Amino acid sequence: MERHWDFNMQYKLKVDFPDVPAGEILELDDSNPGHPVYRSVNYPYFWVSANFIDTFQDIEVVKTEEEVLSELEDQKAQIESQISEVSIKANKGLK
Amino acid sequence: MAIASVMNWYVRAGGAETNGGGYDGTTYPGGVNYADQDSPQLSLSDLTSSNSTTITSVTGGFTANMVGNVLRIASGTGATTGYYVIATYVDTNTITVDRVSGTYTAGVGKIGGAHAWINSYANGGGGTQPVLTTPLVAGNTIWLRGAGSTDPSNSSPDYTVANGTNYWTFPNGNINSGGPIKLYGYNGRPLIKFPNLIGYTTTGWVFSNLKLLPQNSPTYDSLGFWNNAGGAMDSKITDVIYDQNGTNGVFFNGGGVRITNCEARNTGGGTIGGYPGININSYGAYVENVWIHDFRGNGITIANADFLFNIRGCLITNNLAYGIQISNNNLSYGVSSIQNCTIDGNKLDGVRIAGPNALYGVILRNCNITNHSVSGSYGLYVSTDSATVNDALNIGNWDYNNFYGNDSNYHNVSAGAHDLNVDPQYTNTAGNDYSVGTNLKAKGFPLIPIGSTANPSSTQGYTDIGAVQRQESGGGGGATYTGFFIQ
């Protein structure tokens, strides 16, 4: 099946939904093989099929795939840096 | 290919989301419908394909009758899970389907069998998430099976949606391409018990032959069973029973809708304070042959009709607030109307209107407005300005109505030149027969074609006042009534 959605984008609700307020962020949840969804961060019962995300009204893009990936890269670099610092301190401690 | 607009999907209480669920005998003729049954016709776990439309199985069991049925591929490494239509039968081990499904050797799939609930077709929502992406496309028909009765007992729902966060969004129908998506009850009216919201932000659907039974849900009570969050619904609702069931629920809230031949009732009692039967709050609506009775709130509320609304041939009886309340109406788009309605025995006013837009832009004609007998109630109440001002605005829009048995008939407006004040002689209100007696025979403003002597093709001759026309042996009386009202 043709993939209509972009991986790792982030969306925001433009209007209130029942029990879910406008502004709520939707992030990719691909834990279900073959049926990726964008799921509400704070109201996880709320979801939108990733295959239909580009036809779903009342949402807007918050972050593109590149921005999300860039953030993930930054987080990865930070974590690696922290691991490195911990490793250096641990090695010093051993000496 | 893909799923065609003429696809039929089947939902049965004994079905399962894992079934194929669909049959398209139009695009792929010659087969037998195996979707309208609880269990799948064939289940396989060794489906094999090599990036082509051909699918094989060593176990096999394919038949020529399976052409047109849906194969639901649920899993398999390398398989693109989803719903595929069997295009051709090659042999017991080989079929072709409408499109390529990947390269795999252990695909798991089922052919035939109905789904268990319409959330199989959801593309989002605040409810239970189906396992696979919806197969639904514009033009499709969803057949929802009932248990045989056209008015099943409230104690025996065919489908129950739990209270809580359960509602769904679905693909929209498309009146320009593919057509509306139809949700049709069959085998009687299926009874759906639900927290007063099923579909949200979904447009272009047709709902027919359903019975809806809400449960109290503070968030959803005001939304109705299907809602487009303030946008036009572009939908039709027909032959639906909604039982408020003592809750606060509203049958429909929104606009851009045609509601015909429906009954909105409340058999659960309760005190005044619930939402109305129908609340038009945007885009206008056409409401015809609808019976709204015993609701805890108004019968019909026009909260804010930006476009035209037409209420015609409706019975609005015994509701605990106003029969019809028009609180805001934007005249920019033309003249709306309330015609040939019977508005009887509501506990507050029969028709309550805030002008001046409604005075100038709403026709009220051929209605029986009767028995609003609670002290302080009016048949027709205008809440703004004076009779002098309102009469000048009204200029004959409100005429040919019959007012009888109200505590008072008019407030802040004068009687129409042809208004009557006679006993409508309802045949049997206890038995819900609101047909009128000879007092109102031929008293209505003549309408073409249902009863005008100016219409040479008419065999009826005249129009009575009220929603239910008299029938007389040997001709006469109003147009033959073929509507829905249960008597």
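I took contact to mean heavy atoms within 4.5 Å. The model I examined is a predicted one.

**Entry 1: the interface**

I looked up how chain B meets chain A, and found 28 residues of chain B in contact with 22 residues of chain A. The two chains bury about 2000 Å² between them, and carbon and sulfur atoms give 54% of this area. I then noted that 29% of the area chain B buries against chain A comes from Asn123(B), Gln129(B) and Thr133(B), more than from any other three residues.

I searched for salt bridges between chain B and chain A, and the count is zero. Polar contacts, by contrast, link 12 residue pairs across this interface. On the side of chain B that touches chain A, strand S9 (124-125) and strand S12 (168-169) each supply at least two residues. I sorted the residues of that side into 16 polar, 11 nonpolar and one charged.

**Entry 2: strands paired between chains**

I followed S9(B) to its partner, strand S4 (residues 47-49) of chain A; two bridges join these strands, which run antiparallel. In this pairing Val48(A) stands opposite Gly124(B).

**Entry 3: a sheet in chain B**

I traced an open sheet of seven strands in chain B, in the order S19-S22-S25-S28-S31-S34-S37, with parallel pairing. At its edges I found strand S19 (252-254) and strand S37 (408-411), each of which pairs on one side only. From one strand to the next, the twist averages 5°.

Within chain B I also checked strand S31 (residues 351-353) and strand S34 (residues 378-382), which pair in the parallel sense over three bridges. There I located Val351(B) opposite Leu380(B) of S34(B).

How values were computed
Residues are numbered from 1 along each chain as its sequence is written. Chains are lettered from A and ligands numbered from 1 in the order in which they are written. This is a predicted model: local features need pLDDT of at least 70, side-chain atom pairs count only at pLDDT 80 or more; totals for chains, interfaces and linings use all residues. Side-chain values use heavy atoms; hydrogens and water are left out. Buried area is the accessible area (1.4 Å probe) that two parts lose on being put together, summed over both. A salt bridge is a side-chain nitrogen of Lys or Arg within 4 Å of a carboxyl oxygen of Asp or Glu. A polar contact is a pair of N or O atoms within 3.5 Å; within protein, one must be able to donate a hydrogen and the other to accept it, and residues adjacent in sequence count only if both atoms are side-chain atoms. Helices (H or I, at least four residues) and strands (E, at least two) are DSSP runs, numbered from the N terminus. Ala, Val, Leu, Ile, Met, Phe, Trp, Tyr, Cys and Pro count as nonpolar, Asp, Glu, Lys and Arg as charged, and the others, Gly among them, as polar. Two strands pair if DSSP finds at least two bridges between them. Axes are lines fitted to C-alpha atoms, for helices over the stretch in contact, and angles run from 0 to 180 degrees between N-to-C directions.
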